[in-house]
There are 2 protein chains.
Amino acid sequence: MTSSAARKASGKPRRKPAAGAFFSVRDSVKVVQGRSGPKAGKRAKFLADTLVKHLHAFIKEARPSMDEWMQGIHFLTRTGQLSNDWRQEFILLSDVLGVSMLVESLNHEKLSGETESTVLGPFYIPDAPRYPNGANICLDGKGEPVLVRGRVVTAKGKPIPGALIEVWQANEDGFYDVQQKGIQPDMNLRGIFTADAQGRYAFRSAYPRHYPIPYDGSVGDVLKALDRNPNRPAHLHFKVTAPGYETLVTHIFTPDCPWLEDDAVFGVKQSLIADFTIVNDPARAAELDLPSPFREAVWDVVMTKSSRRQR
Amino acid sequence: MTSSAARKASGKPRRKPAAGAFFSVRDSVKVVQGRSGPKAGKRAKFLADTLVKHLHAFIKEARPSMDEWMQGIHFLTRTGQLSNDWRQEFILLSDVLGVSMLVESLNHEKLSGETESTVLGPFYIPDAPRYPNGANICLDGKGEPVLVRGRVVTAKGKPIPGALIEVWQANEDGFYDVQQKGIQPDMNLRGIFTADAQGRYAFRSAYPRHYPIPYDGSVGDVLKALDRNPNRPAHLHFKVTAPGYETLVTHIFTPDCPWLEDDAVFGVKQSLIADFTIVNDPARAAELDLPSPFREAVWDVVMTKSSRRQR
């Protein structure tokens with residue numbers, strides 16, 4: 001029997017798929033969006049449909065070659081595999097593409113008087129030690145001594161007692177403790193403080209230095225390919241929480257850093273540049289158990305009531 | 001000395017950053033694109049700038065909450081970490097979002113007569129065994145026996161001797177060998193064949209069945225959230241290479257599969273649906289060392305000269 005006779009013998013008709021049933025470049029967005037079923041979550045579908053629309057627009061404009069597509073797959077895979085409990089390469093990628101700052105800005109539009117927020121960054125860890133106010137979080141003894149103090153208050157200036165102030169920063173050599181396990185003391189330059197009855201907090205630390213973001217991974221490759229600066233201007237991270245108030249994630253920046261206008265992750269806002277004044281007062285230094293002179297930043301945190309924003 | 005006196009004493013003027021130096025929602029694309037240096041690779045900069053433009057447009061339209069952003073970070077991280085030598089979750093993600101098919105289609109616009117291409121999928125491995133024509137790649141003995149044969153030719157019908165035909169497919173239970181290490185024989189249903197002097201190739205295998213894409217990972221979560229079908233219609237993968245010709249990555253689909261119009265990865269094209277006729281010819285079956293009846297697909301591969309497309 002010939003193959004064509006066999007086809008007849010099998011009696012199996014070729015299915016005729018509906019016109020437009022298959023993928024096409026022209027209708028790519030519609031075809032993909034159209035596959036969701038009736039039980040799709042409304043928000044999930046909106047997010048996925050919006051992503052597909054913009055992702056396909058990107059592909060149609062950029063027209064990556066098959067090799068470039070595969071490089072993209074490998075890049076994303078490597079970015080995931082570089083991430084662990086101590087390193088989050090996808091946050092870093094989001095940061096250098098301006099995505100973190102964009103999401104952050106859209107979620108925290110500036111309200112008059114309240115402290116502005118900025119990116120979380122990849123080095124936050126939730127279980128830092130709790131300290132009494134005034135404690136020194138600089139466990140490696142490096143760097144220029146600094147006193148940071150201020151109040152946590154409402155927009156009307158009322159204190160918020162019990163607010164938790166989490167702080168973390170890089171050391172004098174430009175690394176966070178989690179980047180130098182076994183080199184820096186554990187939990188170096190991290191701590192959680194509690195605002196007192198007057199809303200006051202205070203801690204001793206080291207004057208922050210600028211540092212490059214981790215540069216040895218996939219995100220470093222992006223910055224190299226684009227001839228971009230990997231440095232972040234010197235800063236100190238804050239995360240402030242209090243019941244009834246929006247969690248505030250922010251930094252304070254030093255005023256004299258040469259990288260203020262070229263932050264690799266776009267985190268600088270004018271209002272977040274603090275004074276770190278040099279204090280030449282040996283008696284006060286002795287009282288604070290700091291060498292003289294030392295630097296002092298007075299930084300009040302103005303919280304936003306949870307009810308002030310609707311989502 | 002008061003803090004304000006100390007500030008004067010330090011003599012350090014507050015730097016005045018340039019207007020527009022910092023990130024803003026309105027200028028987010030321009031700010032990020034503007035950071036590339038003069039040594040940026042031209043193609044890298046074009047790809048990155050185009051990505052940033054569409055990615056920021058996505059964020060501005062979707063307005064993810066901080067929690068959703070963090071879920072996105074975790075999702076991408078997990079997708080990378082699920083990938084290994086035997087599983088590529090980012091290819092799967094690209095597949096279900098229609099991105100693979102879009103990139104593939106833009107790179108291989110249909111030329112008259114030449115065989116159309118489709119997605120590679122995540123289960124290709126380059127080092128399958130080489131077999132003589134006619135060999136049986138079905139090592140687990142499961143499924144309906146099938147003979148696949150045809151010629152590798154130019155658009156003018158000239159044979160391309162020596163063309164390499166790599167084939168791979170899922171078994172009767174819907175899994176590729178690499179998904180069932182220790183359950184299926186290694187290299188089950190994979191092989192590399194070589195076109196003979198007349199361009200002919202042939203192999204024995206099992207009639208493909210539809211199967212769900214791997215559903216236990218991050219991509220499965222996406223399909224569940226969107227109430228989408230995870231099934232791929234029954235198919236057999238081909239990758240055909242020959243010096244002077246464009247590498248062809250394609251499938252052939254069976255004509256009677258109920259999932260032809262709802263492929264989870266959008267890979268079906270009308271021209272790739274083959275006949276798999278039932279052959280009732282005991283003598284021919286015996287000659288081919290196949291039971292009777294068996295199925296037969298006659299599938300010619302028409303290659304594109306490398307020079308036919310410019311990039």
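Mentor: One term before we start: two residues are in contact if their C-beta atoms, placed from the backbone, lie within 7 Å. Also keep in mind that this is a predicted model.
Trainee: Got it. So what does B:Ile165 touch, leaving out residues up to four places away in sequence?
Mentor: B:Ile165 touches B:Val152, B:Phe193, B:Ala195, B:Tyr201, B:Phe238 and B:Val240.
Trainee: And which residues touch the most other members of the largest nonpolar core?
Mentor: That core has 154 residues, and the ones touching the most other members are A:Val152, A:Ile165, B:Val152 and B:Ile165.
Trainee: Okay, switching topic. How many residues of chain B are in contact with chain A?
Mentor: 86 residues of chain B, and they meet 86 residues of chain A.
Trainee: Which element gives the most to chain B's side?
Mentor: H3(B) does, with 15 residues. Other elements of chain B supply at least two residues each, including helix H4 (66–81) and strand E10 (294–298).
Trainee: What classes of residue are on that side of chain B?
Mentor: There are 45 nonpolar, 23 polar and 18 charged residues on the side that touches chain A.
Trainee: Now chain A by itself. How is chain A divided?
Mentor: Into domain 1 (35–85) and domain 2 (90–308). Their C-alpha centres lie 33 Å apart.
Trainee: How many residues are in contact between those two domains of chain A?
Mentor: Six residues of domain 1 are in contact with four residues of domain 2. On the domain 1 side, two are nonpolar, three polar and one charged.

Definitions and conventions. Residues numbered from 1 in each chain as written. Chains lettered and ligands numbered in written order. Predicted model: local features only at pLDDT ≥ 70, side-chain atom pairs only at ≥ 80, totals over all residues. Core = buried A, V, L, I, M, F, W, Y, C linked by C-beta atoms within 7 Å. Buried ≥ 20, exposed ≤ 12 C-beta atoms within 10 Å, placed from the backbone. Helix = DSSP H or I, 4+ residues; strand = E, 2+ residues; numbered from the N terminus. Nonpolar A, V, L, I, M, F, W, Y, C, P; charged D, E, K, R; others polar. Domains from an automatic or database assignment.
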